[in-house]
Structures are given as C-alpha cells and as structure tokens.
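Dear colleague,

Please find below the structure that I am handing over to you.

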Amino acid sequence: MTADAPAIEKLRGGYRRATLLRLAALAGAFASLLAFMIIDLATGPSGMPVSTVWATLLGGPHGSDAMAATILWQLRMPQTLMGALVGASLGTCGLQMQTILSNPLASPFTLGFSAAAGFGAALAIMFGGLLPLPDLLVVPVSAFLMTLVACALVYSIASLRGATPEILVLAGIAVLFFFQSMQSLLQFLASPEVLQQIVFWLFGSLLKATWLSVAVLSVVLALVLPFVLRDSWKLTVLRLGDANAASLGLSVESLRTKTFLLVALMTAAAVSFVGTIGFIGLIAPHAARAAVGEDHRFALPMAALAGATMLVAASVFGKLISPGAVIPVGIITAVAGVPVLFAVIARRGRGGV
C-alpha cells in the first residue's frame, strides 16, 4: 500500500488540476455571458452607450432618466433575460438528450417537441378567441400543452416496445412529421394576416418576451434543475453505455424516462413564449463537452452557459446587422448552426464522439 501512495497522490493531484481547469472554464463562460448580456442591453434601434446602460441598471426601473429606464427595464431587459434563460434551457436539454439517446446529433427537437409547439401556437393564433384565457397567454399556453401532448405520444409509442434510444428516436420522428404536417395544414387554411402571425412565431423571436414569460420560465427552471443536477453522476455513468451503467447498479430505463420527462417540461416552457429556436440544443452540448469533458457535474452547467451565450450573442448579431427591424434569433441560430452541424457530422464520421 505504501508503494502505491505516490501514484495515488499523483492521481489526486491530476484530478484537482482538472477540476480547477473545469471551474476556470465555467467562470470564463459565465463572464462571456455577462459581457454579451451587457452588449445586448446596449444595442437596439435607439442605441444606448454602455455607460448609460450601467447607470440605468444602478438607478433601477424608476431611475432619474425615465426614457432610458423604460427602454432598458421594460423592453430590453426581459428580452435579454429571456434569451439567457431559453438558451440555458435548450443547452441543458440538448446535453441530456444526447446522453440518454447516445446520439451526438440529438437535440430537444429530435422528438418532435418544437413541431408540436408550433402546431399549438398556430392553433391558438387561428382559434385562440374561443379559449377562456387572456390574449397574452393563449399562444404560450397552447404551445406548452401541445408540447406535453407530443411528449405523451412519444412516450406512449416507445413504451409499447421498450423506451430504448432507437425506439425513442423513431417515435419522435413519427411525432415530428405528424405535427409538421398538421402545422402545414393550418398554414394552408389560414388567411394571409393569420398566416403572417404564424410564420413570425415559428421564426423564433425574443421580441415576444415579457417579465411574465421571464418569471414563468424562471420558476420552471427552479423546479426542474435540482432534479437534473441530482442525476448528473448517473448521466455521466450512462455515457459508458447501457450495459456498463446497468452493471454498476444504475436503473437505465428509469433514468431515461425521468430525464425524458424533464426535458419535455423544460423545452415546452422555453419555446412556448419565444417560438421555435433551433440548433442551440445541438451545438451547446458539444461546446460544453469540448470545454469540460464528459463529467455532467460540470458539463450540465457549461451546456447551460454555452446555450445562453450563443442565444444572447445571436440577439446582438441580429440587432447589429438590421438595427431598424431586428432579425429573429431563430433565423440566425439556424444559419449559424448549419456549418457547425456539418462539422459535428464530419467529426463523427472520423470516429469522434
């Protein structure tokens, strides 16, 4: 035992150094997110110097400069916070999806959740006046409920043959095409004015964000994330494969089912207010693993920070290239995500993970 002591101490030292590097990477990602959030608050059609942004933040929503306070606290702040929260949700969901499905190209939308949300939103835009809800909540509530319906459909189909990764993906693809076809049918039947509203919602835009949507998504994340973080070690073990995870005493099917339900809930809350935003859930997990490795105790928060940073950065880019008419972030993330997707596929083809 004494002869092994130096080797054990060396391993401990290496683990401590790796942990410090991972914590430093998390700190750097958090600093980048804060920087992009400040820039996002400072950019917009009316413009605002960073010094004014900082002074208005310190002055609060009822500061001395009423116009600056209104622009910052009532218009830009909800959009920036919503961008960070949605990006964090999608990044975290993407990492969990890629883990439980053992698929590097999986994302929250692989199982048809985004198509279901789009169908729910289109349904509400066309017939929302029939629902006994305030106009502000009709579309988000409909999108949220339809996403949960998609979750129930996928899980019901998968349960018939066992909730294996392959069955979940196949069931998700079936649900995806079903809701996309129903969504196309509603667009075909809609009047030009209604069609324009449906298409704008499907683009994915932070312009829809309000303090109410920020509060709702914050509550959902506060309720769900403790369960996600509690399973971080189990998700790390699952990366070894189902057989190895089961041999270590992990209930693979139970973990996969629980994670699937949590992902559905987080995705539903994220997309119901801002619309369909693609590729964040695909790209952020790969960035997280590249930065901190497979340990989900670090990869989960890194995926959240990466997703939030990417979405806020997309918001900044959209404001910079089109100040007068801000380009929806869903378009920017889709365009930027395509080359990254090709890179992931190429890396996978060369034997990468």
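Is R256 buried or exposed? R256 is buried, with a relative accessible area of 3%; buried means under 20%, exposed over 50% and partly exposed in between, with a 1.4 Å probe and protein chains only. The residue belongs to helix α11, where helices are DSSP runs of H or I with at least four residues, strands are runs of E with at least two, and both are numbered from the N terminus. A polar atom of the R256 side chain lies 2.7 Å from the backbone oxygen of I100.

Please note that this is a predicted model, in which local features need pLDDT of at least 70 and side-chain atom pairs count only at pLDDT 80 or more, while totals for chains, interfaces and linings use all residues. Residues are numbered from 1 along each chain as its sequence is written, and side-chain values use heavy atoms, with hydrogens and water left out.

Aromatic pairs

Rings of Phe, Tyr and Trp (its six-membered ring) pair if their centres lie within 6.5 Å; planes under 30 degrees apart count as stacked, over 60 as edge-to-face and the rest as tilted. One of the pairs joins F113 and F260, a tilted arrangement with 6.0 Å centre to centre and 50 degrees between the planes. Because F113 lies in helix α4 (residues 113–127) and F260 in helix α11 (residues 252–274), this pair ties together parts that are 147 residues apart in sequence. F113 is buried at a relative accessible area of 0%, and F260 is buried at 1%.

The rings of F119 and F179 also form a tilted pair, with centres 5.8 Å apart and planes at 50 degrees. F119 lies in helix α4 and F179 in helix α6 (residues 165–189), so parts 60 residues apart in sequence are tied together. Both F119 and F179 are buried.

Pockets and cavity

The search used a 1 Å grid over the protein atoms alone: a cavity is a set of points where a 1.4 Å probe fits but cannot get out, and a pocket is an open set with protein on both sides within 12 Å along at least five of seven lines; lining residues have an atom within 4 Å of a point. Points are joined across faces, edges and corners, and a volume is the space filled by probe spheres set on them.

The largest pocket has a volume of about 420 Å³. Its lining comprises 20 residues, with F109, S114, L176, Q180 and G278 nearest the centre. Helix α6 supplies the largest share, five residues. The lining divides into 11 nonpolar, nine polar and no charged residues; Ala, Val, Leu, Ile, Met, Phe, Trp, Tyr, Cys and Pro count as nonpolar, Asp, Glu, Lys and Arg as charged, and the others, Gly among them, as polar.

The second largest pocket, of about 370 Å³, is lined by 17 residues, and D135, L136, V139, P140 and W201 lie nearest its centre. Two or more lining residues come from each of α4, α5 (135–161), α7 and α11, and α5 gives the most, with five. This lining has 10 nonpolar, five polar and two charged residues.

One cavity of 30 Å³ or more was found in the whole structure. The largest cavity holds about 70 Å³ of space, and its lining includes Q79, S205, K319 and P328.

With kind regards

Technical notes:
Polar contact = N/O pair within 3.5 Å; in protein donor to acceptor, adjacent residues only side chain to side chain.
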